[in-house]
Amino acid sequence: MSEKILVIGAAGQIGTELVLKLRESKGAENVIAADLKKPNEEVLAGGKFVQLDILDEPAARTVISDNSITEVYLLAALLSATAEKNPMFAWKLNMDGLFNILNIAKEGIIKKVFWPSSIAVFGPSSPKKNTPQTTIMEPITVYGISKQAGERWCEYYFRQYGVDVRSIRYPGLISYKSLPGGGTTDYAVDIYYKALENASFTCFLDENMKLPMMYMEDAIRATIELMDAPIENIKIRSSYNISGMSFSPKEIAQSIQNHISGFKINYSIDYRNKIAETWPDSISDSSAREDWDWEARYGLKEMTKNMLKNLSQ
Ligand code: NAD
Ligand code: AKB
(Lines give C-alpha, C1' and ligand atoms only; values in the text may rest on other atoms or scores of the structure.)
(Ligands and ions follow the chains in the order given, each with its own letter.)
Protein backbone atom coordinates (compact mmCIF):
# COMPACT_ATOMS: atom_id res chain seq x y z
CA MET A 1 0.00 0.00 0.00
CA SER A 2 1.40 3.43 -0.89
CA GLU A 3 1.74 6.17 1.72
CA LYS A 4 -1.05 8.71 2.11
CA ILE A 5 0.47 11.81 3.62
CA LEU A 6 -1.08 14.67 5.59
CA VAL A 7 0.99 17.83 6.13
CA ILE A 8 -0.47 19.95 8.95
CA GLY A 9 0.80 23.54 8.88
CA ALA A 10 1.07 23.36 5.08
CA ALA A 11 0.71 27.10 4.55
CA GLY A 12 3.81 27.91 6.62
CA GLN A 13 7.46 28.47 5.74
CA ILE A 14 8.39 24.77 5.78
CA GLY A 15 4.97 23.32 4.90
CA THR A 16 4.76 25.20 1.60
CA GLU A 17 7.99 23.69 0.27
CA LEU A 18 7.54 20.30 1.92
CA VAL A 19 4.13 19.76 0.29
CA LEU A 20 5.52 20.68 -3.13
CA LYS A 21 8.50 18.34 -2.78
CA LEU A 22 6.44 15.45 -1.35
CA ARG A 23 3.90 15.77 -4.16
CA GLU A 24 6.75 15.61 -6.68
CA SER A 25 8.26 12.46 -5.14
CA LYS A 26 5.20 10.58 -3.78
CA GLY A 27 2.51 11.66 -6.26
CA ALA A 28 0.19 14.66 -5.90
CA GLU A 29 -2.82 12.45 -5.13
CA ASN A 30 -0.97 11.03 -2.08
CA VAL A 31 -0.20 14.32 -0.32
CA ILE A 32 -2.89 16.40 1.40
CA ALA A 33 -2.15 19.88 2.67
CA ALA A 34 -3.90 21.06 5.86
CA ASP A 35 -3.77 24.35 7.72
CA LEU A 36 -5.91 26.90 9.54
CA LYS A 37 -5.21 29.34 6.73
CA LYS A 38 -5.16 28.93 2.96
CA PRO A 39 -1.76 28.01 1.47
CA ASN A 40 -0.30 29.82 -1.54
CA GLU A 41 -1.58 29.30 -5.10
CA GLU A 42 1.07 26.75 -6.04
CA VAL A 43 0.14 24.48 -3.10
CA LEU A 44 -3.60 25.00 -3.65
CA ALA A 45 -3.43 24.27 -7.36
CA GLY A 46 -1.20 21.19 -6.99
CA GLY A 47 -3.46 18.94 -4.94
CA LYS A 48 -5.98 18.60 -2.13
CA PHE A 49 -6.20 21.14 0.70
CA VAL A 50 -8.31 20.82 3.84
CA GLN A 51 -8.88 23.50 6.42
CA LEU A 52 -8.02 22.00 9.83
CA ASP A 53 -7.39 23.27 13.34
CA ILE A 54 -5.04 20.74 14.92
CA LEU A 55 -6.42 21.64 18.35
CA ASP A 56 -9.75 20.17 17.19
CA GLU A 57 -8.95 16.49 17.78
CA PRO A 58 -12.20 15.03 16.36
CA ALA A 59 -11.72 17.09 13.18
CA ALA A 60 -8.14 15.78 12.85
CA ARG A 61 -9.41 12.20 13.26
CA THR A 62 -12.05 12.75 10.58
CA VAL A 63 -9.52 14.15 8.07
CA ILE A 64 -7.16 11.24 8.81
CA SER A 65 -9.80 8.51 8.46
CA ASP A 66 -11.70 10.05 5.53
CA ASN A 67 -8.46 10.24 3.55
CA SER A 68 -6.92 6.92 4.79
CA ILE A 69 -3.84 8.83 5.98
CA THR A 70 -0.79 6.71 6.88
CA GLU A 71 1.81 9.46 7.58
CA VAL A 72 1.50 12.84 9.26
CA TYR A 73 3.97 15.72 9.15
CA LEU A 74 2.93 17.99 12.01
CA LEU A 75 4.31 21.50 11.43
CA ALA A 76 1.69 23.68 13.13
CA ALA A 77 3.30 25.59 16.02
CA LEU A 78 4.09 29.04 17.37
CA LEU A 79 7.75 29.91 16.82
CA SER A 80 10.16 31.46 19.31
CA ALA A 81 9.47 35.20 18.96
CA THR A 82 5.66 34.90 18.67
CA ALA A 83 5.56 32.35 21.49
CA GLU A 84 7.22 34.76 23.94
CA LYS A 85 4.31 37.17 23.35
CA ASN A 86 1.71 34.54 24.21
CA PRO A 87 3.39 31.83 26.31
CA MET A 88 0.25 29.99 27.46
CA PHE A 89 -1.22 29.73 23.99
CA ALA A 90 2.17 28.67 22.58
CA TRP A 91 2.35 25.89 25.15
CA LYS A 92 -1.19 24.80 24.32
CA LEU A 93 -0.72 24.74 20.54
CA ASN A 94 2.76 23.22 20.57
CA MET A 95 1.87 20.47 23.08
CA ASP A 96 -1.80 19.67 22.48
CA GLY A 97 -1.30 19.57 18.72
CA LEU A 98 1.46 16.99 19.23
CA PHE A 99 -0.59 14.92 21.70
CA ASN A 100 -3.55 14.83 19.33
CA ILE A 101 -1.39 13.28 16.61
CA LEU A 102 0.62 10.98 18.89
CA ASN A 103 -2.58 9.59 20.42
CA ILE A 104 -4.10 8.86 17.01
CA ALA A 105 -0.80 7.20 15.99
CA LYS A 106 -0.78 5.14 19.21
CA GLU A 107 -4.04 3.52 18.09
CA GLY A 108 -2.23 2.29 14.98
CA ILE A 109 -4.28 4.51 12.66
CA ILE A 110 -1.21 6.41 11.40
CA LYS A 111 1.97 4.44 10.69
CA LYS A 112 4.57 7.25 10.80
CA VAL A 113 4.80 10.76 12.25
CA PHE A 114 7.23 13.60 11.58
CA TRP A 115 7.39 16.35 14.20
CA PRO A 116 10.08 19.03 14.13
CA SER A 117 12.07 20.17 17.11
CA SER A 118 14.53 23.07 17.05
CA ILE A 119 17.96 24.29 18.17
CA ALA A 120 15.82 26.21 20.71
CA VAL A 121 15.88 23.09 22.93
CA PHE A 122 19.36 24.21 23.98
CA GLY A 123 19.85 26.94 26.55
CA PRO A 124 22.50 29.13 28.15
CA SER A 125 24.10 26.18 29.98
CA SER A 126 24.51 24.05 26.82
CA PRO A 127 27.91 24.06 25.09
CA LYS A 128 27.84 26.92 22.54
CA LYS A 129 30.13 25.53 19.87
CA ASN A 130 29.54 22.30 18.02
CA THR A 131 26.72 21.52 20.47
CA PRO A 132 26.52 17.72 20.81
CA GLN A 133 23.45 15.58 20.22
CA THR A 134 23.23 14.74 23.93
CA THR A 135 24.17 17.46 26.39
CA ILE A 136 22.78 19.81 29.05
CA MET A 137 19.46 21.24 27.84
CA GLU A 138 17.95 24.00 29.96
CA PRO A 139 15.98 26.16 27.48
CA ILE A 140 14.66 29.45 28.84
CA THR A 141 12.05 30.31 26.17
CA VAL A 142 8.52 28.90 26.15
CA TYR A 143 9.18 27.71 22.60
CA GLY A 144 12.35 25.87 23.68
CA ILE A 145 10.61 24.36 26.69
CA SER A 146 7.75 23.13 24.48
CA LYS A 147 10.19 21.60 21.97
CA GLN A 148 12.18 19.89 24.71
CA ALA A 149 9.01 18.49 26.31
CA GLY A 150 7.80 17.43 22.84
CA GLU A 151 11.04 15.52 22.28
CA ARG A 152 10.63 13.66 25.56
CA TRP A 153 7.03 12.75 24.66
CA CYS A 154 8.02 11.55 21.18
CA GLU A 155 10.59 9.22 22.71
CA TYR A 156 8.04 8.10 25.31
CA TYR A 157 5.41 7.23 22.65
CA PHE A 158 8.04 5.29 20.71
CA ARG A 159 9.22 3.31 23.76
CA GLN A 160 5.82 2.70 25.36
CA TYR A 161 3.54 2.35 22.35
CA GLY A 162 5.87 1.71 19.41
CA VAL A 163 4.84 4.91 17.58
CA ASP A 164 7.24 5.44 14.66
CA VAL A 165 7.80 9.14 15.29
CA ARG A 166 10.84 10.84 13.78
CA SER A 167 12.23 14.30 14.41
CA ILE A 168 14.89 16.84 13.48
CA ARG A 169 16.13 19.82 15.49
CA TYR A 170 16.00 22.31 12.64
CA PRO A 171 18.35 25.30 12.76
CA GLY A 172 17.07 28.68 11.44
CA LEU A 173 15.73 28.06 7.93
CA ILE A 174 16.21 30.34 4.93
CA SER A 175 13.84 30.14 1.97
CA TYR A 176 12.57 32.15 -0.99
CA LYS A 177 9.22 30.44 -1.76
CA SER A 178 7.62 31.16 1.61
CA LEU A 179 8.11 33.71 4.37
CA PRO A 180 9.09 32.78 7.93
CA GLY A 181 6.41 32.80 10.61
CA GLY A 182 7.66 34.61 13.74
CA GLY A 183 11.05 33.22 14.73
CA THR A 184 14.31 34.70 16.01
CA THR A 185 16.16 33.65 12.86
CA ASP A 186 13.66 35.34 10.49
CA TYR A 187 16.08 38.23 9.87
CA ALA A 188 18.18 35.91 7.68
CA VAL A 189 15.32 35.72 5.15
CA ASP A 190 14.22 39.35 5.38
CA ILE A 191 17.75 40.61 4.76
CA TYR A 192 17.69 39.21 1.18
CA TYR A 193 14.34 40.89 0.39
CA LYS A 194 15.56 44.24 1.76
CA ALA A 195 18.91 43.94 -0.01
CA LEU A 196 17.09 43.66 -3.34
CA GLU A 197 14.40 46.23 -2.52
CA ASN A 198 16.50 49.10 -1.19
CA ALA A 199 20.04 47.86 -0.55
CA SER A 200 19.74 48.39 3.18
CA PHE A 201 18.53 46.36 6.15
CA THR A 202 17.99 47.03 9.85
CA CYS A 203 18.76 43.95 11.90
CA PHE A 204 17.21 43.12 15.28
CA LEU A 205 20.17 40.90 16.31
CA ASP A 206 23.67 41.98 17.29
CA GLU A 207 26.18 42.03 14.41
CA ASN A 208 28.21 39.17 15.91
CA MET A 209 25.27 36.94 16.94
CA LYS A 210 26.25 33.68 15.25
CA LEU A 211 23.50 31.06 14.93
CA PRO A 212 23.09 27.66 13.25
CA MET A 213 21.22 28.06 9.94
CA MET A 214 20.22 25.99 6.92
CA TYR A 215 18.98 26.54 3.39
CA MET A 216 15.42 25.23 2.95
CA GLU A 217 16.40 22.86 0.14
CA ASP A 218 18.72 21.03 2.56
CA ALA A 219 16.09 21.04 5.34
CA ILE A 220 13.40 19.51 3.10
CA ARG A 221 15.83 16.89 1.84
CA ALA A 222 16.82 16.05 5.44
CA THR A 223 13.16 15.66 6.40
CA ILE A 224 12.34 13.30 3.54
CA GLU A 225 15.58 11.34 3.95
CA LEU A 226 14.85 10.82 7.65
CA MET A 227 11.27 9.72 6.94
CA ASP A 228 12.39 7.35 4.17
CA ALA A 229 15.25 5.80 6.19
CA PRO A 230 14.82 2.15 7.23
CA ILE A 231 13.29 1.91 10.71
CA GLU A 232 16.34 0.10 12.14
CA ASN A 233 18.56 3.10 11.27
CA ILE A 234 16.57 5.48 13.46
CA LYS A 235 18.39 5.18 16.78
CA ILE A 236 17.26 8.53 18.21
CA ARG A 237 13.57 9.00 18.94
CA SER A 238 13.80 12.39 20.67
CA SER A 239 15.19 14.48 17.80
CA TYR A 240 18.30 14.59 15.60
CA ASN A 241 20.71 17.53 15.48
CA ILE A 242 21.39 18.53 11.87
CA SER A 243 23.88 21.14 10.80
CA GLY A 244 24.05 23.31 7.69
CA MET A 245 26.04 26.49 8.25
CA SER A 246 26.60 29.11 10.97
CA PHE A 247 26.85 32.84 10.46
CA SER A 248 26.31 36.20 12.15
CA PRO A 249 24.36 39.19 10.71
CA LYS A 250 27.71 40.79 9.83
CA GLU A 251 28.80 37.70 7.89
CA ILE A 252 25.55 37.30 5.92
CA ALA A 253 25.69 41.03 5.11
CA GLN A 254 29.25 40.59 3.78
CA SER A 255 28.14 37.68 1.60
CA ILE A 256 25.36 39.90 0.14
CA GLN A 257 27.85 42.75 -0.41
CA ASN A 258 29.80 40.41 -2.71
CA HIS A 259 26.78 40.66 -5.07
CA ILE A 260 25.29 44.08 -4.17
CA SER A 261 28.29 46.27 -3.39
CA GLY A 262 26.33 49.21 -1.95
CA PHE A 263 24.32 47.05 0.51
CA LYS A 264 24.29 48.48 4.06
CA ILE A 265 23.25 46.87 7.34
CA ASN A 266 22.21 48.80 10.49
CA TYR A 267 21.32 47.46 13.89
CA SER A 268 18.33 48.10 16.14
CA ILE A 269 18.50 45.28 18.65
CA ASP A 270 15.30 44.03 20.30
CA TYR A 271 14.07 41.24 22.62
CA ARG A 272 14.91 38.58 20.03
CA ASN A 273 18.62 39.13 20.68
CA LYS A 274 18.10 37.85 24.24
CA ILE A 275 16.55 34.66 22.83
CA ALA A 276 19.42 34.21 20.36
CA GLU A 277 22.00 34.71 23.13
CA THR A 278 20.83 31.45 24.71
CA TRP A 279 21.12 29.33 21.54
CA PRO A 280 24.20 27.55 20.17
CA ASP A 281 26.63 29.09 17.66
CA SER A 282 27.00 25.79 15.83
CA ILE A 283 25.71 22.22 16.05
CA SER A 284 27.31 18.80 15.78
CA ASP A 285 25.31 16.44 13.59
CA SER A 286 27.46 13.32 13.87
CA SER A 287 24.51 11.08 14.91
CA ALA A 288 22.41 12.06 11.87
CA ARG A 289 25.45 11.45 9.63
CA GLU A 290 26.06 8.03 11.14
CA ASP A 291 22.46 6.83 11.36
CA TRP A 292 20.93 8.01 8.07
CA ASP A 293 23.83 9.45 6.08
CA TRP A 294 22.87 13.08 6.50
CA GLU A 295 25.02 15.69 4.78
CA ALA A 296 24.21 19.35 4.06
CA ARG A 297 24.99 20.72 0.58
CA TYR A 298 24.63 24.48 1.01
CA GLY A 299 27.05 26.88 2.69
CA LEU A 300 26.57 30.65 3.08
CA LYS A 301 28.17 31.54 -0.27
CA GLU A 302 26.05 29.14 -2.37
CA MET A 303 22.90 30.04 -0.43
CA THR A 304 23.36 33.80 -0.95
CA LYS A 305 23.89 33.30 -4.68
CA ASN A 306 20.79 31.10 -4.89
CA MET A 307 18.56 33.36 -2.75
CA LEU A 308 19.44 36.52 -4.70
CA LYS A 309 18.96 34.77 -8.04
CA ASN A 310 15.56 33.30 -7.10
CA LEU A 311 14.26 36.44 -5.38
CA SER A 312 15.26 38.68 -8.28
CA GLN A 313 13.17 36.51 -10.59
P1 NAD B 1 5.20 28.79 10.24
O2 NAD B 1 4.78 29.67 11.35
O3 NAD B 1 5.74 29.40 9.00
O4 NAD B 1 4.02 27.81 9.82
C5 NAD B 1 3.18 27.20 10.75
C6 NAD B 1 1.85 26.95 10.07
O7 NAD B 1 1.00 26.32 11.03
C8 NAD B 1 1.15 28.23 9.63
O9 NAD B 1 0.79 28.15 8.28
C10 NAD B 1 -0.09 28.31 10.52
O11 NAD B 1 -1.22 28.85 9.87
C12 NAD B 1 -0.30 26.85 10.85
N13 NAD B 1 -1.08 26.69 12.09
C14 NAD B 1 -0.98 27.42 13.23
N15 NAD B 1 -1.87 26.98 14.12
C16 NAD B 1 -2.54 25.97 13.55
C17 NAD B 1 -3.58 25.12 13.99
N18 NAD B 1 -4.13 25.25 15.19
N19 NAD B 1 -4.02 24.15 13.15
C20 NAD B 1 -3.49 24.03 11.91
N21 NAD B 1 -2.52 24.82 11.43
C22 NAD B 1 -2.03 25.77 12.26
O23 NAD B 1 6.27 27.77 10.85
P24 NAD B 1 7.42 26.97 10.10
O25 NAD B 1 8.62 27.83 10.09
O26 NAD B 1 6.94 26.40 8.84
O27 NAD B 1 7.71 25.83 11.16
C28 NAD B 1 7.08 24.58 11.12
C29 NAD B 1 7.60 23.75 12.27
O30 NAD B 1 9.03 23.64 12.20
C31 NAD B 1 7.29 24.32 13.66
O32 NAD B 1 7.08 23.25 14.55
C33 NAD B 1 8.57 25.01 14.03
O34 NAD B 1 8.75 25.07 15.41
C35 NAD B 1 9.61 24.09 13.40
N36 NAD B 1 10.87 24.79 13.16
C37 NAD B 1 10.95 25.78 12.21
C38 NAD B 1 12.17 26.43 12.00
C39 NAD B 1 12.30 27.50 10.98
O40 NAD B 1 13.37 28.16 10.90
N41 NAD B 1 11.30 27.75 10.13
C42 NAD B 1 13.29 26.07 12.77
C43 NAD B 1 13.15 25.10 13.75
C44 NAD B 1 11.95 24.44 13.92
C1 AKB C 1 12.89 30.38 15.43
O2 AKB C 1 13.71 31.29 15.27
O3 AKB C 1 12.01 30.37 16.30
C4 AKB C 1 12.99 29.17 14.53
C5 AKB C 1 13.81 28.11 15.20
C6 AKB C 1 15.29 28.13 15.12
O7 AKB C 1 13.25 27.24 15.81
N8 AKB C 1 13.54 29.58 13.29
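Q: What counts as near a molecule when reading the shell around a ligand?
A: A residue is near a molecule if one of its heavy atoms lies within 4 Å of it. This model is predicted. Here, 26 residues surround ligand 1. The closest are Gln13, Asp35, Asp53, Tyr143 and Lys147.

Q: Which backbone atoms make polar contacts with ligand 1?
A: Look for pairs of N or O atoms within 3.5 Å. A polar backbone atom of Gln13 is 2.8 Å from an oxygen atom of ligand 1. For Leu36, a backbone N or O atom lies 3.5 Å from a nitrogen atom of ligand 1.

Q: How much of ligand 1 does the protein bury?
A: Start from the ligand taken alone. Ligand 1 then exposes 830 Å². The protein buries 92% of that. As for its site, the space taken by ligand 1 is the largest pocket.

Q: How does the shell around ligand 1 divide by class?
A: Sort the residues into nonpolar, polar and charged. The shell around ligand 1 has 15 nonpolar, seven polar and four charged residues.

Q: Which residues surround ligand 2?
A: Apply the 4 Å cut-off again. The shell is Leu79, Ser80, Ser118, Ile119, Tyr143, Gly172, Gly183, Thr184, Thr185 and Trp279. By class, four are nonpolar, six are polar and none is charged. Domain 1 and domain 2 each supply at least three residues.

Q: What polar contacts does ligand 2 make with Ser80, Tyr143 and Thr184?
A: In the side chain of Ser80, an N or O atom is 2.5 Å from an oxygen atom of ligand 2. A polar side-chain atom of Tyr143 lies 2.7 Å from an oxygen atom of the ligand. Thr184 uses a polar backbone atom, 2.6 Å from an oxygen atom of ligand 2.

Q: How much of ligand 2 is buried, and which pocket does ligand 2 sit in?
A: Taken alone, ligand 2 exposes 250 Å², and the protein buries 93% of that. Ligand 2 sits in the largest pocket.

Key. Residues are numbered from 1 along each chain as its sequence is written. Chains are lettered from A and ligands numbered from 1 in the order in which they are written. This is a predicted model: local features need pLDDT of at least 70, side-chain atom pairs count only at pLDDT 80 or more; totals for chains, interfaces and linings use all residues. Side-chain values use heavy atoms; hydrogens and water are left out. A polar contact is a pair of N or O atoms within 3.5 Å; within protein, one must be able to donate a hydrogen and the other to accept it, and residues adjacent in sequence count only if both atoms are side-chain atoms. Accessible areas come from the Shrake-Rupley method with a 1.4 Å probe; for residues, only the protein chains shown count as cover. On a 1 Å grid over the protein atoms alone, a cavity is a set of points where a 1.4 Å probe fits but cannot get out, and a pocket is an open set with protein on both sides within 12 Å along at least five of seven lines; lining residues have an atom within 4 Å of a point. A molecule sits in a cavity or pocket if more than half of its atoms lie within 2 Å of its grid points. Ala, Val, Leu, Ile, Met, Phe, Trp, Tyr, Cys and Pro count as nonpolar, Asp, Glu, Lys and Arg as charged, and the others, Gly among them, as polar. Domain bounds come from an automatic or database domain assignment.
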